[in-house]
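Please examine the sequence and the structure before reading on.

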Amino acid sequence: MSRLALILVFFFAASAEAQLPERRFALAVGGNVGAPGHARLRFAEADASRFADTLKELGGFHGEDVRVLHQPTRARLLAEVRALEQRIAEAARHSSRRNLLLLYWSGHATEQGLELGSESLSFTELRKLLGASRAHVRLAFVDACRSGGLITPKGAKALPGGFALDVTSDESPDGTAILASSGPGENALESAELRGSFFTHHLTAGLRGAADADGDSRITLQEAYRYAYAKTVSHTAEVSGVAQRPTYALDLKGKGELVLTELRHADARLVFAPGTEPDRRWLVVRDEGLGEVLELREDPVKPRQLALRAGSYRLIRTTADDVRTGAFALVRGEERTATTVTLTQRPFAERGEKGGEAVGRKLELLAAVGLNTPPLRGMGLAPALVLGGDVAMGTSQTLRLRARYQDGRGQDAGLPYALRSLGGDVAWLWRLPVRGLEAGGRLGADAVRQSVASTSEGTAFRGRVGAVLSHALPLGGRVSWFSEVEAQLASFRLNDRVVLRPAVEAVTGLGFRL
């Protein structure tokens with residue numbers, strides 16, 4: 001072989017090596033449980049799993065290089081970061097390929113840092129972990145309330161809206177990028193309709209194709225953030241009346257765009273033709289696995305697409321006054337147009353708020369029956385009829401108002417008597433980490449009418465104070481079944497003196513959400 005041929009072979013081999021995609025590592029963490037007193041989240045752990053699946057399917061992340069943690073301890077989280085760094089260092093020793101590290105978090109946070117149950121990881125520590133990594137590119141996506149507190153390192157500035165990468169050379173970008181789902185002091189929302197948080201939902205949909213602004217089937221960091229920002233702001237403002245505004249901080253050098261996903265890697269595609277209805281929205285719901293939900297709005301000029309796994313799906317098309325749905329399936333290698341799916345009319349789905357019940361669920365009517373232990377000698381369990389309502393006070397507390405009627409009967413020294421009471425009470429309940437479970441205190445008063453041997457009658461008043469434990473179980477739609485147990489202390493006059501009598505009351509019934 002001639003010297004020129006050897007030079008050409010060496011040149012093209014070196015060029016091929018330089019153009020190889022970087023080795024990509026990811027740690028996706030979801031925690032539904034935050035610090036004591038914070039409401040349990042519903043979808044944070046599912047968010048982490050779905051985001052990791054998207055990286056593995058479309059982002060060039062090998063399965064062995066992606067770790068998913070659900071509700072880890074602080075020690076476990078730090079151990080996984082160290083293990084990833086060891087893999088990055090080992091990869092660097094055996095190859096000249098560039099490395100990328102991506103950290104994703106969905107869960108509770110305060111202005112100071114991430115909540116890992118009763119433990120925490122401060123934003124300062126998280127920034128140090130990123131800064132100490134040997135990866136060429138370091139990305140962090142944090143989906144949590146007040147996650148904008150992470151965007152405060154020296155030289156960085158929280159900026160809303162789209163962004164442009166400042167460039168200094170022709171090389172691929174190196175450095176750090178941090179994207180947070182909310183600004184400092186802002187809450188982050190999650191949705192029962194979308195089965196996840198708004199930010200991660202729109203970010204994932206963007207990575208699967210909704211953010212492909214130039215139609216090249218490659219989703220860059222810039223495209224993904226711009227799409228997730230615009231959709232999160234508009235969607236949360238529409239649902240809750242208060243816009244959630246994602247923020248970011250960048251320290252990336254290089255002219256090359258940072259491609260996060262490539263749609264050509266997908267099992268199948270669902271294509272949406274251009275449309276002229278500005279309020280038309282499509283939801284794609286996977287019937288298998290985690291049941292992820294993806295959203296897309298039609299473009300008035302060009303077709304849009306979503307990169308999906310092969311499997312069974314439901315397609316939902318919504319407009320201002322109409323909702324239709326239909327089932328379909330995708331096989332590997334298939335490209336299908338949304339208009340080929342047969343749709344039928346259906347009721348609208350529910351929307352919700354991250355960390356609590358759905359947005360708008362402010363009032364629930366209650367109807368229940370119960371039993372109370374006997375306040376007087378010779379009396380059996382007294383049945384009670386309860387009517388009332390719950391008023392949501394923020395995301396973690398409930399005001400419960402009740403009216404109650406109770407009818408008890410007994411015998412004293414052979415004389416039959418009856419006690420009938422009509423009264424009301426008020427309880428203040430706090431939501432516990434177990435979904436549907438609440439605990440708190442109650443104050444109440446009753447007018448009690450006593451009759452002896454169906455002749456002698458009299459009326460007295462009774463005061464009550466108690467500790468309450470309540471649990472609600474959704475039955476579907478707006479109806480739930482709830483049960484409640486209360487340890488109470490009742491005060492009333494008996495034979496011309498005030499007495500205190502302990503009692504236990506248990507009620508069960510139905511709730512109807514307005």
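Y248 is buried, with a relative accessible area of 7%; buried means under 20% relative accessible area, exposed over 50%, and partly exposed in between, with a 1.4 Å probe and protein chains only. The model is predicted: local features need pLDDT of at least 70, side-chain atom pairs count only at pLDDT 80 or more, and totals for chains, interfaces and linings use all residues. Residues are numbered from 1 along each chain as its sequence is written, and side-chain values use heavy atoms, with hydrogens and water left out.

The structure holds six aromatic pairs. In one of them, the ring centres of Y225 and Y248 are 5.1 Å apart and the planes stand at 70°, so the pair is edge-to-face. Rings of Phe, Tyr and Trp (its six-membered ring) pair if their centres lie within 6.5 Å; planes under 30 degrees apart count as stacked, over 60 as edge-to-face and the rest as tilted. This pair links distant parts of the chain, for Y225 lies in helix 6 and Y248 in strand 11 (residues 247-253), 23 residues apart. Helices (H or I, at least four residues) and strands (E, at least two) are DSSP runs, numbered from the N terminus. F51, Y104 and F141 form one aromatic cluster.

Helix 6 covers residues 221-240, which makes 20 residues. From its first C-alpha to its last, helix 6 reaches 28 Å, close to the 28 Å expected at 1.5 Å a residue; the expected span is 1.5 Å times one less than the number of residues. G241 follows helix 6 and has a positive phi, near 85°.

| Residue | Relative accessible area | Class |
|---|---|---|
| Y225 | 1% | buried |
| Y248 | 7% | buried |
| F272 | 1% | buried |
| L443 | 55% | exposed |

F272 lies in strand 13 (residues 268-272). The C-alpha atoms of F272 and R336 are separated by 8.9 Å, although these residues are 64 apart along the chain.

L443 belongs to strand 25 (residues 437-452).

Strand 27 (residues 479-494) and strand 28 (residues 497-513) pair in the antiparallel sense over 16 bridges; two strands pair if DSSP finds at least two bridges between them. S480 stands opposite G511 in strand 28. Strand 27 and strand 28 form a hairpin with two residues between them, and N495 in the turn has a positive phi of about 55°.
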